[in-house]
Amino acid sequence: MSAGEKAGKKGSAQDSTQGFGGLLALLLVFKSGFVVAQTTHVPSTHVPPTHQSADFSESSYAHHIWGLSADDWVRFERVMKNRRGVWSPGLDPITALGVSTDDRGERQRLAELYVRTEYERTRKELAFQIAVDQAWQRLYPKTPRLTAAGGAQAASVPPERYAVVVRPSCAQCDEFINGRVPDLIEEAHHGVDVHVVGTNGDDERLRAWITTQPLIQAALKTDAITINHGGPEIEQAHYPALFRKNGAGQWSRDL
């Protein structure tokens, strides 16, 4: 074989090796997902949004979770970097802003947002607790529920909140409201939520029921309770039903 032929084969082999190496590198680039970062053939303006930093994502979208604006979120971060962050570490954004403003309109807006948020949280947590109770009765009907260690001590601690489930035209429910709800209001740190099932989301039917409950009317004037439609997800086999929420945010059934 001549020297020229050897040189030609050597060059061809090198080209082949380099071509294979380039292909392998390109495959690795696509597999890793960092297409823009690894190649010079795509302009930097084509960087996909998913490659943006986590900090950018948080500052841009976290406020939507709480129903706040971007400006609200900036104020919240500023508030938590000051004394409020030391006094109340881990405070939720709505409360942090509400207790830090001196503007009456702003306070009312945040208070209404807080109530809507708490209502949704309470409704879903209560519905899940009811589903757990029903599952226990369905799966282990003859087995008593076990109480965690220290349960008796925990039960003696005033609850964060109570939830009462009643229905219209229920003599036992009326009896419970008049006999127990005043005490529940005194015991709970954050009031009592009354869920009325059977109204089918009709505000007029709910108002009609309220007119038959003088104690409920008086409590509403002091913001000691909330009255809510009880959807099918919290309907009970018997009424009334009473749930207690502890400081850890866990619901348990008392009645």
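Colleague: What makes strand 1 (residues 161–166) and strand 2 a pair?

Modeller: In this predicted model, five bridges join strand 1 to strand 2. A pair needs at least two bridges, so strand 1 and strand 2 count as paired. The two strands run parallel. Valine 166 stands opposite valine 196 in strand 2.

Colleague: Why is the crossover from strand 1 to strand 2 called right-handed?

Modeller: The chain leaves strand 1, passes through helix 9 (residues 171–187) and reaches strand 2, a β-α-β crossover. With the strands pointing away from the viewer, a path that runs clockwise over the helix is right-handed, and this crossover is right-handed.

Colleague: How do you know that strand 2 is largely enclosed?

Modeller: Buried means under 20% relative accessible area. Six of the six residues of strand 2 are buried, so the rest of the structure largely encloses this strand. Val192, Val194 and Val196 point one way, Asp193, His195 and Val197 point the other way, and all are buried.

Colleague: What joins strand 2 to strand 3?

Modeller: Six bridges join strand 2 (residues 192–197) to strand 3, and these strands run parallel. Valine 194 has isoleucine 227 as its bridge partner in strand 3, and valine 197 has glycine 230. Helix 11 (residues 214–221) lies across strand 2 and strand 3, at about 120° to strand 3.

Colleague: What makes strand 3 an edge strand?

Modeller: The open sheet has five strands in the order 3-2-1-4-5, with mixed pairing. Strand 3 (225–230) pairs on one side only, as does strand 5 (251–253), and these are the edge strands.

Methods
Residues are numbered from 1 along each chain as its sequence is written. This is a predicted model: local features need pLDDT of at least 70, side-chain atom pairs count only at pLDDT 80 or more; totals for chains, interfaces and linings use all residues. Side-chain values use heavy atoms; hydrogens and water are left out. Helices (H or I, at least four residues) and strands (E, at least two) are DSSP runs, numbered from the N terminus. Contact means heavy atoms within 4.5 Å. Axes are lines fitted to C-alpha atoms, for helices over the stretch in contact, and angles run from 0 to 180 degrees between N-to-C directions. Buried means under 20% relative accessible area, exposed over 50%, partly exposed in between (1.4 Å probe, protein chains only).
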